[in-house]
Amino acid sequence: MSSSQRRYMGLEVPHGFPSQIPEQTVQLPPVWVLVVAFVFLCGAGLFWCYMALVLFAPVPREPRRSEKQYTTVLPNGQRSEPKELPCWMDKWVAEKELSKKRTAGKRRQTLADIPIEQAEVFMSVVVPAYNEEDRLTGMLEEAVDYLQQEYGDAPDTQTPDAASKSGKEREKGWEILLVSDGSTDKTVEKALHFAKEHQLSQHRKSVSGPWKDHLKHEARIPNGSIRVIELEANRGKGGAVTHGMRHARGQYVVFADADGASRFSDLGALVEGCKKVQDERGRGVAIGSRAHLVGSEAVVKRSKLRNFLMHSFHLLLRLMTPPATASIADTQCGFKLFSRPALPYIIPYMHSEGWIFDVEMLMLAESGRIPMTEVAIGWKEVGGIQQTKIS
C-alpha cells in the first residue's frame, strides 16, 4: 500500500507546517463577578415578574350600592326591605387612612396597629350561589341543623357582663350570608322561603340533605339569621366569597359551597384546628381537605380527564407558589375557615374573582405569616342541575 493510500485511509497522519498564531489562555472572570451577575439577573427577573403582576392582575370592580344591602325575613314572615350591610372592612380601611394621617409617616404602620370591629356572633357562613335553586335547600337544611345545635342564639352583646362570660357562653350566635352571584333562577326566592319556614317553625315535613336523611327542624331559628345579598352581575365564585366576607359579623368566618358537597358537620373540626394553630393575635386559617380521599370511590368515579387536570394543577402549584402554600395538599376545597383577626391581612388585598381565588387567599395568609392547617373533611359529588358561567 502506497503512502498516499495510507494517508487516505487514516492510517498515517501527515505532518503539516507549524501554526504561526500564538496560543492564548482564556481567563474566566473572578467568582465574585459571576455571583454578582447571577444575583442581578435574579433580581431583574423578580422585578419584571412583579411588574407583570401589577400590570396584568385583575382589578375587582367596586361593589354597587344595592350590593351593600341585604334582604331577610321579618319576625312576621314578610320579606324585609333592603337593609344596609354592616361592613367591618369599610371601617377598617377608614381607620387605616386616619392612622396614616395621625402618624404623618413618622413611624412605620403595621396592620396589627389597626383594630377590626368586634364580632357580633360566633360563626358566619358565606355561601356563594349562582343558579343553585335545585341544590341549595339540602345544603341549608344541614347547615342550619348543625349551626342551631352547636351555636344557638346569639348572646346579648349589650349587657354589661357580656365580656365576662365564659368561653363556651361566648361561642354563641350564627349567621348565613347567601351571596347570589347574579343568579337568573329562583335561588333568592328559595333561600328566603327556607328562612321563613324555619323562623316561623312551619317546617313540618322531613327533608333530606346531601349527607343526612329525614331532617326535621321544629325549633325556630333566630330572626334575621339568614341574610341574602344579591350581586347585580355575575362576578365569579371568588368575587362572591370575598364580597360576603367583607360583611361577616362572626368571630370565625367559613365559606361553603351551595351544593353541600363538603360535610357541614365537619365545621367543628375546622374550628378546633384553627384554634390550635392561632398565633398570639388570634389569627389562623383552617383548610378543609379532601387529600385523604385520593384513591377512594369518591375520586375514582370522576373522569380520568378531571383527575389528570387535578394532579397537573397541584404539580404547578408546588412549583410556582411559596413554601407554605405549596405544601397544602388540597387548595381548592370549598370549605375554609378564617378567624376574624386574620381577615384584614387577606380580604382587602384580594384580586382574583374566579375559581383560582383560593390560592390567592392562601398566599396572602402566608405573606402575612398567618398560621394555616389542613383538616380532613367528608366530601362527595353532589348531583343536580346547575347553570355555569365562566368568569
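Trainee: Before we start, what should I know about the model?
Mentor: It's predicted, so local features need pLDDT of at least 70 and side-chain atom pairs count only at pLDDT 80 or more, while totals for chains, interfaces and linings use all residues. Residues are numbered from 1 along each chain as its sequence is written, and side-chain values use heavy atoms, with hydrogens and water left out.

Trainee: OK, how many residues does helix 4 have, and how far does it reach?
Mentor: Helix 4 has 16 residues and reaches 22 Å from first C-alpha to last, close to the 22 Å expected at 1.5 Å a residue. The expected span is 1.5 Å times one less than the number of residues. Helices here are DSSP runs (H or I, at least four residues) and strands are too (E, at least two), numbered from the N terminus.

Trainee: What follows helix 4?
Mentor: Gly152, with a positive phi near 55°.

Trainee: How many of the residues of helix 4 are buried?
Mentor: 12 of the 16, so helix 4 is largely enclosed by the rest of the structure. Buried means under 20% relative accessible area, exposed over 50%, and partly exposed in between (1.4 Å probe, protein chains only).

Trainee: And what do those buried residues pack against?
Mentor: Among the partners are strand 3 (121–129), strand 4 (174–181), helix 6 and helix 8 (267–277). Contact means heavy atoms within 4.5 Å.

Trainee: At what angle do helix 4 and helix 6 cross?
Mentor: Roughly 35°, and the axes of helix 4 (residues 136–151) and helix 6 (residues 187–199) come within 10 Å. Axes are lines fitted to C-alpha atoms, for helices over the stretch in contact, and angles run from 0 to 180 degrees between N-to-C directions.

Trainee: Which residues make that contact?
Mentor: Helix 4 brings Leu136, Thr137, Leu140, Glu141 and Val144, and helix 6 brings Thr187, Lys190, Ala191, Phe194 and His198.

Trainee: Switching to Asp145, is it buried or exposed?
Mentor: Asp145 is at 11% relative accessibility, so it counts as buried. Asp145 is in helix 4.

Trainee: What does the side chain of Asp145 make a polar contact with?
Mentor: The side chain of Lys212, at 3.4 Å. Asp145 and Gln149 are also joined through their side chains, by a polar contact of 3.1 Å. That term means a pair of N or O atoms within 3.5 Å; within protein, one must be able to donate a hydrogen and the other to accept it, and residues adjacent in sequence count only if both atoms are side-chain atoms.

Trainee: Last one: where does Val93 lie?
Mentor: In helix 3 (residues 88–103). Val93 is partly exposed, with a relative accessible area of 32%.
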